[in-house]
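Subject: A structure for you to look at

Hi,

Here is the structure I promised to pass on. Have a look at it first, then read on for what turned up in it.

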Amino acid sequence: MPGGASRLAVTDDARGELEEPQGGLPKNFLRPCLLLLLSEGQAHGYDLLIRLADFGVKVDPGGLYRTLRAFEREGLVRSWWETSDAGPARRTYVLTPEGENWLRLWGGTLRESSRFLDRFLARYEAAVGEDTSVIRRE
């Protein structure tokens, strides 16, 4: 790269150490995904765990249930136990009006982030060209 710059990202650390750029989903992406899934209708935890795969979100069951309990404390969801003759009781979750409000806020934030990313990627593709599959460290 020009001026001997590296293709590594500089950390926030005052020492100026370099680290590999991190890819992946936005921080806390599980939260808006769960709110969106619950906006589509009430669900059991296991159903939500399976449906999260549509977003590329992988979470362990314990993490999912901790998030759902936090949502309940925050007033974003309600839950109740459903009994069944075919198996054990299962907790059912439903989005509250407050949860719908937070979903709208998350949607707006993610939409704006998408616009910034689209601008970056357009300039990136113009600068780097089409062959961007391999980036080497210098």
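Before the details, one cut-off you'll need: a residue counts as buried under 20% relative accessible area, as exposed over 50%, and as partly exposed in between. Keep in mind too that this is a predicted model.

I went looking for salt bridges. The general idea is simple: side chains of opposite charge can pair when their charged atoms come close. How many salt bridges does a search of the whole structure find? The search gives 3, and here they are in turn.

**Arginine 31 and glutamate 74**

These two side chains meet in a salt bridge, with 2.7 Å from N to O. Arginine 31 sits in helix α1 (residues 30-39) and glutamate 74 in helix α3 (residues 61-74), so this pair ties together parts that are 43 residues apart in sequence. Are the partners buried, exposed or in between? Arginine 31 has a relative accessible area of 23%, so it is partly exposed. Glutamate 74 comes out at 42%, so that residue is partly exposed as well.

**Arginine 51 and glutamate 40**

Here the closest N and O atoms of the salt bridge are 2.8 Å apart. Again the pair links distant parts of the chain: arginine 51 belongs to helix α2 (residues 45-51), while glutamate 40 is in the loop between α1 and β3 (43-44), and the two are 11 residues apart. Arginine 51 is partly exposed, at 26% relative accessibility. Glutamate 40, on the other hand, has a relative accessible area of 56% and therefore counts as exposed.

**Arginine 115 and glutamate 112**

Arginine 115 is partly exposed at 39% relative accessibility, and glutamate 112 is partly exposed with a relative accessible area of 29%.

The chain has a mean pLDDT of 84, and 77% of its residues reach 70 or more. Among its elements, α1 has the highest mean pLDDT (97) and strand β1 (residues 9-10) the lowest (48). Over residues 1-8 the pLDDT is below 50, although this stretch has 14 contacts in the model beyond near neighbours in sequence. Where pLDDT is low, the predicted coordinates should not be read in detail.

Cheers

Technical notes: Residues numbered from 1 in each chain as written. Predicted model: local features only at pLDDT ≥ 70, side-chain atom pairs only at ≥ 80, totals over all residues. Heavy atoms only, no water. Salt bridge = Lys/Arg side-chain N within 4 Å of Asp/Glu carboxyl O. Helix = DSSP H or I, 4+ residues; strand = E, 2+ residues; numbered from the N terminus. Buried < 20%, exposed > 50% of the residue type's maximum accessible area, 1.4 Å probe, protein only. pLDDT = per-residue confidence, 0-100. Contact = heavy atoms within 4.5 Å.
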